[in-house]
Amino acid sequence: MSKTRFPILGVVVIGLCGVGGYSMGRTARGDAYRAEISRESAVIVDRPSPRDRRTEEDPVAGFRGLLEAGSRETDVWKVISRLPGAAIPEALRRVAEARGAAASGTEETKRLDEIEAALYFHWAESDPQAALAAAVAIPETHEMMAGIRRENLLKSVMAAWMRTDPNAAYRAVKDDEKLEYYGRDQLVRTWTPANVFENLELYPETQDLLLGWYCLGTATDPASRNAMLAALKEQPEMAHRDWGYQLLFRGWGQTDFHAAMTEAQAQQLPKIVKQLVKDNISHNPALALPWAVKNNLPPDGKSWEEGYQFWLRTDGPGARKWLAEQAPAWESSGHTDVVAGFLAKEYGLSIATQHAATQEAARKRLSDFMEKWQTKDPEAAGNWLETAPPPIREIFAGEGDPER
């Protein structure tokens with residue numbers, strides 16, 4: 001299974017996607033994996049078992065009342081949980097009919113989405129294969145709200161199935177590239193550091209994918225994270241151990257860069273340290289760039305320049321102050337080209353923002369620096385200019401007016 005299937009690690013993260021629709025609620029992994037409430041559907045936690053639900057004389061009539069305009073019933077689940085499984089397809093047809101008559105984006109459509117998700121959850125309690133097939137049969141679409149609705153229904157089905165037979169639920173989708181995520185995301189929520197390796201043995205063909213996703217999920221919960229770090233230490237021969245470490249630390253670094261770095265260094269994991277720097281320079285350069293410099297990491301050209309530009313967008317004065325303090329050390333250690341690249345990013349960003357005063361100040365800083373460099377080492381300065389962005393070459397190579 002290719003590790004590139006992880007959508008890492010945008011803002012994440014780490015991504016871990018909460019269960020929309022009707023979730024399986026509390027799992028052994030506790031609050032760290034509590035489902036997020038989707039805008040399109042409510043979360044139901046700790047549903048009573050079917051035998052504990054009260055029955056009424058005509059549950060189908062009760063459901064029809066739920067769809068009536070002006071219904072005052074606030075407990076959707078109380079009504080839907082009484083429906084017999086055989087009545088659910090017809091109930092879903094009625095929901096679709098009601099949605100067709102409702103204006104999109106209204107409270108009514110949100111309520112219908114909630115009812116629909118509850119119906120799929122209840123259906124999956126008794127016949128998960130049929131519920132999954134029905135959810136999968138909903139046409140895929142590029143329309144955002146319709147796509148969210150379909151995704152929430154798939155999550156609702158998987159959440160219900162995971163409560164009764166998590167391994168069967170995952171096996172039903174693991175070989176389908178479009179559905180595997182829904183099973184993986186919820187399967188690992190049922191695991192703990194104490195049983196994760198035992199559970200992984202059930203899936204040798206997707207072991208790396210599941211381990212990585214589990215480790216990523218432990219990153220933001222200190223208790224689970226520390227337990228998993230200890231568990232990984234006890235598996236020195238495990239084939240995908242390094243991959244598990246990488247995902248755990250990368251997820252941790254997204255939320256607490258310094259703590260993750262301290263632990264990675266303490267465990268003597270140089271590859272993890274390097275990866276954490278790379279990840280965080282791209283989206284958290286105010287922490288990562290000073291850390292990298294303090295720990296004597298050599299500048300990494302383009303990626304550091306891009307990180308600096310991101311810092312300029314979020315805190316221009318702070319970024320410029322840091323560079324002014326750092327530039328002399330880089331120049332004296334043979335990294336004058338790095339300083340030039342950072343200043344070029346400043347000037348390029350000032351052009352993009354079209355702020356005259358900022359642009360003039362950035363141009364002056366770059367001009368003063370280049371004049372000094374050309375005097376000290378004209379060959380090196382000339383070589384750098386040959387690969388500089390066009391606006392920079394226009395200033396220093398006489399190619400015309402850069403503001404034209």
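This is a predicted model: local features need pLDDT of at least 70, side-chain atom pairs count only at pLDDT 80 or more; totals for chains, interfaces and linings use all residues.
**Exercise 1.** Describe the largest pocket: its space, its lining and the helices that supply the lining.

Solution. 
- Step 1. Start with the space: the largest pocket holds about 240 Å³.
- Step 2. Turn to the lining, which has 13 residues. Ser104, Gly105, Thr109, Asp113 and Met145 lie nearest the centre of the pocket.
- Step 3. Sort the lining by class: four residues are nonpolar, three are polar and six are charged.
- Step 4. Find the helices. α4 (107–126) and α6 (144–164) each give at least two residues to this lining.

**Exercise 2.** Work out how helices α5 and α6 are set against each other, parallel or antiparallel, and what makes their contact.

Solution. 
- Step 1. Two packed helices are described by the angle and the distance between their axes.
- Step 2. The axes of α5 (residues 128–137) and α6 come within 9 Å. They cross at roughly 170°.
- Step 3. Angles over 145 degrees count as roughly antiparallel. Therefore α5 and α6 are roughly antiparallel to each other.
- Step 4. List the contact. α5 brings Pro128, Gln129, Ala131, Leu132, Ala135 and Val136. α6 brings Arg150, Leu154, Val157, Met158 and Trp161.
- Step 5. Sort the contact of α5 with α6 by class: nine nonpolar, one polar and one charged.

**Exercise 3.** Decide whether helix α8 is largely enclosed, and name what its buried residues pack against.

Solution. 
- Step 1. Buried means under 20% relative accessible area.
- Step 2. In α8 (residues 180–187), eight of the eight residues are buried, so the helix is largely enclosed by the rest of the structure. Among them are Tyr181, Arg184 and Leu187.
- Step 3. The buried residues of α8 pack against α6, α7 (166–173) and α10 (207–218).

Key:
Residues are numbered from 1 along each chain as its sequence is written. Side-chain values use heavy atoms; hydrogens and water are left out. On a 1 Å grid over the protein atoms alone, a cavity is a set of points where a 1.4 Å probe fits but cannot get out, and a pocket is an open set with protein on both sides within 12 Å along at least five of seven lines; lining residues have an atom within 4 Å of a point. Grid points are joined across faces, edges and corners, and a volume is the space filled by probe spheres set on the points. Helices (H or I, at least four residues) and strands (E, at least two) are DSSP runs, numbered from the N terminus. Ala, Val, Leu, Ile, Met, Phe, Trp, Tyr, Cys and Pro count as nonpolar, Asp, Glu, Lys and Arg as charged, and the others, Gly among them, as polar. Axes are lines fitted to C-alpha atoms, for helices over the stretch in contact, and angles run from 0 to 180 degrees between N-to-C directions. Angles under 35 degrees count as roughly parallel, over 145 as roughly antiparallel, 65 to 115 as roughly perpendicular and the rest as oblique. Contact means heavy atoms within 4.5 Å. Buried means under 20% relative accessible area, exposed over 50%, partly exposed in between (1.4 Å probe, protein chains only).
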